Amino acid sequence: MTPLIYLEKVVLCSALLYGYYHLALRNNRFHQWNRYYLVLITLVSLGVPLLKIPLPGGQDAPSAVYAYTSKIVVLRETVVAPAAQPSDYLRISITVIYALVVLFAIYRLLAGIFSIRRLIRHSHVQDIPPFRFARNPEVKAPFSFFRYIFWDMESSLDTPQNKQVLKHELVHLQEKHSLDKMLLEVITAFCWINPFFHLIKRELALVHEFIADKKAAGDEVAGYAENILRSAFDSPQFSITNEFFHPPIKRRILMLTQFRQPRFSYLRRILVLPLAATIFCSLAFVVDQRPAAIRALVPTGILPAAPSGNTVAAEAPVVVADTTPSKRKQEDARVVYVDNTSNLTVHPSFPGGQEELARFLTKNILYPKPAQEKGISGLVKVHFVVEPDGSITGISTINDQLGGGLEEEAIRIIKIMPRWKPGESNGKKVPVDYILPIRFTVQEMNPVVVTTSNKVQFSPPPAPAGNSSNEEIFTFVEHPPTFVGGEEELAKYLSKNIRYPKDAVEHKATGTIFVQFVVDKEGHIQQARTVGSKKGYGLEEEALRVVKEMPEWNAGVQNGRKVNVQFNLPIRFTMQ
């Protein structure tokens, strides 16, 4: 779960719970209930989105469904490591701004605490259990903080009004309201972007005052309300302390003089339970994609792969296996049973076995261009069911979203698969739950480097390939296309023919141009174009010109015949 998604869930949870408080619980006389409710919903909003409680998924068919986890298919596409995208800078900027605001909020909190400690050191402190009475000329109005009650030097404790004030602050100490305040200050410092936490903090401070007012006033409600009004214009000194003269005065007096018990008092408090249960179930429970009856069979071993650097290899996700390309047959692979699979006598398989599955993936799968340009890679786990008739249903991905079109490409390749050989249990064909992990891996490479002196340094890539053309264009082949004479001749050709554009030199424009083209079965260059962010100043045009003017290449070969192959050539322009 990304931090953004977590924050969204926290905001949603706190919005719903605070919204219920505002509509049903606010301005009622059950102040202790409201206090605990406000503290609890803050903690619930932070904790529930972190929970992931698995639930068994439902089954449409009454027959048993078994799970088979296949080998990981590794798809390698050689691309240039992309430069930082504008979205990356935006994300970093937002993160830095968020962190700076958090640091500022923590600084303010610590500054307030140190100011109170300094006030204590310079005060005349008298220990009167269960509190400590601190007098200081800097104190403008009485307040309390944990065990300390702060008082000015002039006010006397003998007057009826000041006795009420002292009793009010004692309630804050006894109820440990300072703990609530510190908790909400810390939470709002780290989650300052959530407006509902700030509303909860403000409301909780008022509820503290309601509790203290109710206990301090006793039977002298009118005199106590008059005392509040008389001192209404005294301003507080610290946001983390408990002030007797805490605004808004109107609500405090309203709570003091409201003797009527609200209608449906208990019902208002109990009805929050269904809401809380709904939020908890919606955010905390996640559906387990594999039913409870699933039994996982995990084989180790290698899928046959092309001998080139671009491989479709396999490894076991549970038991570590060598992923080096190999010609080993599937029957040579050692099968490791993770759980009891005795009822599954025949496992589902791709027509022709693992070798044909490897060929099918090699021929048809494409590395999405958005993922290439952004350097996105990772493991996509595709979940589906092989039905008794061999058809594939229920296709979905069960991994954390990678983006860049990787999930969509993995689902596309599964949808176009032919019918499988179904699994069997005691001679009966049964639906089998299948998980096919496909790993998309981006490999960095050293591109062509063009400088203003027109000297070329070149370390060519292991050839990738694509899939498009009037006939058929391959992304992976056994023997990739090559420039006639090899890499050295290609470097010489580029050194001789490429020119740093004059406009780019004047504007000191630099960057990597990623040229994608097709080497057809006759070795001709076709469909040349640039991909990635545009650099301008003639860099793209010069890269395309030099590619289109290339002589014939040696065509790529797959299964003993020449084929059309997609090729990617990065050219980096740098200033010296």
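Trainee: Where is Pro130 found?
Mentor: Pro130 sits in the loop between β4 (124-128) and β5. Helices (H or I, at least four residues) and strands (E, at least two) are DSSP runs, numbered from the N terminus. Residues are numbered from 1 along each chain as its sequence is written. This is a predicted model, where local features need pLDDT of at least 70, side-chain atom pairs count only at pLDDT 80 or more, and totals for chains, interfaces and linings use all residues, while side-chain values use heavy atoms, with hydrogens and water left out.

Trainee: What kind of peptide bond joins Pro129 and Pro130?
Mentor: A cis one, with omega about 10°.

Trainee: Next, Asn136. Where does Asn136 lie?
Mentor: In the loop between β5 (131-135) and β6 (143-145).

Trainee: Is Asn136 buried or exposed?
Mentor: Asn136 counts as buried, because its relative accessibility is 2%. Buried means under 20% relative accessible area, exposed over 50%, and partly exposed in between (1.4 Å probe, protein chains only).

Trainee: What does the side chain of Asn136 reach?
Mentor: The backbone oxygen of His122, at 3.0 Å. A polar contact is a pair of N or O atoms within 3.5 Å; within protein, one must be able to donate a hydrogen and the other to accept it, and residues adjacent in sequence count only if both atoms are side-chain atoms.

Trainee: And which residues does Asn136 touch?
Mentor: Leaving out residues up to four places away in sequence, Asn136 touches Leu119, His122, Ser123, Trp151, Asp152 and Met153. Contact means heavy atoms within 4.5 Å.

Trainee: Which side chain does His172 pair with in a polar contact?
Mentor: That of His168, at 3.1 Å. His172 lies in helix α4 (residues 160-175). His172 is buried, at 1% relative accessibility.

Trainee: Switching to the core. Which residues touch the most other members of the largest one?
Mentor: Tyr21, Leu25, Tyr37, Leu38, Leu46, Phe197 and Ile200, out of 30 residues in that largest nonpolar core. A nonpolar core is a set of buried Ala, Val, Leu, Ile, Met, Phe, Trp, Tyr and Cys residues joined through side-chain atoms within 4.5 Å.

Trainee: Which helices each supply at least two residues of this core?
Mentor: α1 (3-25), α2 (31-47), α5 (177-190), α6 (195-217) and α10 (272-284). The largest share, nine residues, comes from α1.

Trainee: What is Ile200 in contact with?
Mentor: Tyr18, Leu38, Ile41, Thr42 and Leu184, leaving aside neighbours within four places in sequence. Apart from this core lies another, of 24 residues, including Leu490, Leu494, Ile498 and Ala509.

Trainee: How many salt bridges does the structure hold?
Mentor: 16. A salt bridge is a side-chain nitrogen of Lys or Arg within 4 Å of a carboxyl oxygen of Asp or Glu.

Trainee: What about Glu203: which side chain does it meet in a salt bridge?
Mentor: Arg26, at 3.7 Å, N to O. Glu203 lies in helix α6 and Arg26 in the loop between α1 and α2, so the pair ties together parts 177 residues apart in sequence. Glu203 is buried at 1% relative accessibility, whereas Arg26 is partly exposed at 26%.

Trainee: Which side chain does Glu175 meet?
Mentor: Lys215, in a salt bridge of 2.5 Å, N to O. This pair links distant parts of the chain: Glu175 is in helix α4 and Lys215 in helix α6, 40 residues apart. Glu175 counts as buried at 17% relative accessibility, and Lys215 as partly exposed at 42%.

Trainee: Where do Glu489 and Lys492 lie?
Mentor: Both lie in helix α14 (residues 487-497), three residues apart, about one turn of the helix.
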